Amino acid sequence: MAKLISEGTIELDRGVSVYSCAAAVGKMESDGPLGNCFDYAAEGAELGLTTWEKAESTFQQYAFDIALRKGKLIKEDISFIFAGDLLNQCTGSAYGLRDTDISFIGLYGACSTMAESLAMASLFADMRLGEYFAAVTSSHFCSAERQFRFPINYGGVRPPTAQWTATGAGCCITSVAEKPPYVKRVTIGKITDMGIKDANNMGAAMAGAAYDTIKRHLLATKTTPDDYDVIYTGDLGQVGTDLMCELFRRDGIEIEPKHKDCGLMLYDREKQDVHAGGSGCGCSASVLCGHILPQIAEGKLHKVLFAATGALMSTTIVQQGESIPGISHLVEISDTL
Amino acid sequence: MNISKKEYAQLANRYSAPSKLYITVPKAFAIGGLICCIGQFFTDLYLMIGNDIDTASAYTSITLVLISALLTGFGQYERIAKHAGAGTLVPITGFANAVVSPALEFKTEGYILGTGAKMFIIAGPVIVYGIAAAFVYGIILFIISLFGG
C-alpha cells in the first residue's frame, strides 16, 4: 500500500495503471505542433454554446466521456472523480461533471490540477478504494481571460512574458495495475512564494515551486535527471523554464537536456501568438493525456516525471499588491511495474 | 530554496525579455497617426458639406467611435490593437473599444448585471479621474480669474 518514503513523496507499491486517458482541445491547440495527438479537436472555442463557461464544462465532459469510451468503461465503473479547473469555485468541473452521478472530489491547484488530481486518483487506486478513478481538469482561454484579465475583444497588449491559457481538457482513469503506463510515485508540492508580483509573469512565479518539487523527488528517490527519459513541467513557459534550469544549475544539476515544458510544446511560438508559451490546467492536461501517456503506452518513453505547475493567485489579491505563490505536484510515470 | 527573493527578482528580470521598443513604438506611431489622418479626413469631409468646425469635430468623434465599436463587435479591433498598442489605445477609438468590449463580453450575465454593470469596468477609471482632473482644473482657473487672470 502507498507509503511515505520522504517528506511529501509517496511510493505506490501495489501497482497503479493509467488505464485510459483522453484529451479534448480547441482550434488553436489542434493547430499546434501536437495537433494530431488529441482525441477531440473543436472547430471553434465556443462549441456552439452560449457562454464560455458552458464551453469549458463541455470540454471537460468530452474528455471524461472519451476516456471512458477508450477504456470500454461505463460511468458506473468509476468510484471517485477528482476534478478541478481555473474558474471561480471550480464551476468548470462541477457543471461539466454534474450529470455523472459519481462521488466527486473538487480540487484546486490552479494549473497544477492535472498532476494533483492524477496523484489523488492514483493514491485511491493504490489503496484499492474502488476499481476505477477519474482525474479530470480543464481550462478555456476565453473563460479564463474574462475572469482574470480583460474582455476578449478588448485591444490591450500583452507583454512578452505573458502566457496563453490553453483551451482544452484532459482526463486520466486510473486502476489497479493492468497495463502501462504505471504511476510509480507522487510528490505533493509545497506552496512556494518567490516574491513575484507580476500577474503577467506566471512562469517566474511558478519556477521556484517546480524546482522545489522536482528536487525533492530526485532526493527522495536518489535519482538524477539522467535516470528519466524526460522531465516534464506543466506551464512554465520560456521565462519559467530558463529560471528553473538556472536554479538547478546553482545546485550543480544540469536538467536542461532532459527537461520539456508542456507550455512550450503545445504551441508553435514562432507562428502562434502565445508570447512566453501556453498555460492553464488544460495545457499540461492535454499534453499529458494526448502525448505523454500514449508515448509511454507505446513504449516510446520509459520513465518520465510529470510536474504540473500552478500559480495560486486571484485577481483581487494581486491587485492588493501581494506576491504570487506557486505550487507544483509531481507524478512519476513508467512503462514497467 | 537556494536563492534569496531579491536575487531571484534580479534573475527573473534578466530572463524576462522586455517588449521590442524598436518595433512596437514605430508601429504605434504609424497606426495611431493613420487613425488621426482618418479623423482629419472626416473633419474635412464634414466641413466641406457645410458644417462649422465644432459640429464637424463632434461628427468626426462620433464616426470614429462608430467604426471602432463595429470593429470591436466583429472581433477585428483587438487584431489591429495587438500590433498598434498605444496607437489604438490613445485615440478616441480606444475608449470606444474599452466600453464596447465589456458590454459584449458580459452580455451573458444579462443586460442589467452584465452589460449595464460591467460596461465601464475598463473605461470607468478614465471617466472618474477625467472628471476629477477637470474639477481641479476648474478650481485653478477660478482662482486665477480672481486675481484678474
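## Chain A as a whole

Chain A holds 10 helices and 16 strands, where helices (H or I, at least four residues) and strands (E, at least two) are DSSP runs numbered from the N terminus. The radius of gyration of chain A is 18 Å, close to the 20 Å that the globule rule gives for 337 residues, so chain A is as compact as a globular protein of that length. For the record, that radius is taken over C-alpha atoms, and the globule rule is 2.2 Å times the number of residues to the power 0.38. The C-alpha trace of chain A spans about 55 × 50 × 35 Å along its principal axes.

This is a predicted model, in which local features need pLDDT of at least 70 and side-chain atom pairs count only at pLDDT 80 or more, while totals for chains, interfaces and linings use all residues. Residues are numbered from 1 along each chain as its sequence is written, and chains are lettered from A and ligands numbered from 1 in the order in which they are written.

Of the 337 residues of chain A, 58% count as buried; a residue is buried if 20 or more other C-beta atoms lie within 10 Å of its own, exposed if 12 or fewer, and partly exposed in between, with C-beta atoms placed from the backbone. Among the contacts in chain A with a separation of 6 or more, 79% join residues 24 or more positions apart. Two residues are in contact here if their C-beta atoms, placed from the backbone, lie within 7 Å.

## A helix pair in chain A

Helix 2 (residues 52-70) and helix 5 (residues 141-148) of chain A have axes that come within 8 Å and cross at roughly 135°. Axes are lines fitted to C-alpha atoms, for helices over the stretch in contact, and angles run from 0 to 180 degrees between N-to-C directions. The two helices of chain A are therefore oblique to each other: angles under 35 degrees count as roughly parallel, over 145 as roughly antiparallel, 65 to 115 as roughly perpendicular and the rest as oblique.

Helix 2 of chain A passes helix 5 of chain A in a left-handed crossing; a crossing is left-handed if the near helix is turned anticlockwise from the far one by less than a right angle, and right-handed if clockwise. Trp52(A), Glu53(A) and Glu56(A) in helix 2 meet Cys142(A), Ser143(A) and Arg146(A) in helix 5. These contact residues divide into 2 nonpolar, 1 polar and 3 charged, with Ala, Val, Leu, Ile, Met, Phe, Trp, Tyr, Cys and Pro counted as nonpolar, Asp, Glu, Lys and Arg as charged, and the others, Gly among them, as polar.

## Helix 3 of chain B and its partners

In chain B, the axes of helix 2 (residues 21-48) and helix 3 (residues 53-73) come within 8 Å and cross at roughly 135°. That makes helix 2 of chain B oblique to helix 3 of chain B, and the crossing is right-handed. Residues of helix 2 of chain B in this contact include Gly39(B), Phe42(B) and Tyr46(B), and those of helix 3 include Ile53(B), Tyr59(B) and Leu64(B). The contact divides into 7 nonpolar, 5 polar and no charged residues.

Helix 3 of chain B also comes within 8 Å of helix 6 (residues 92-105) of chain B, axis to axis, crossing at roughly 40°. This crossing is right-handed too. The contact residues divide into 7 nonpolar, 7 polar and no charged.

## Where the chains touch

The contact between the chains takes 27 residues from chain A and 31 residues from chain B. On the side of chain A, helix 6 (202-221) and helix 7 (237-250) each give two or more residues, and helix 7 gives the most, with 6 residues. That side of chain A divides into 13 nonpolar, 8 polar and 6 charged residues.
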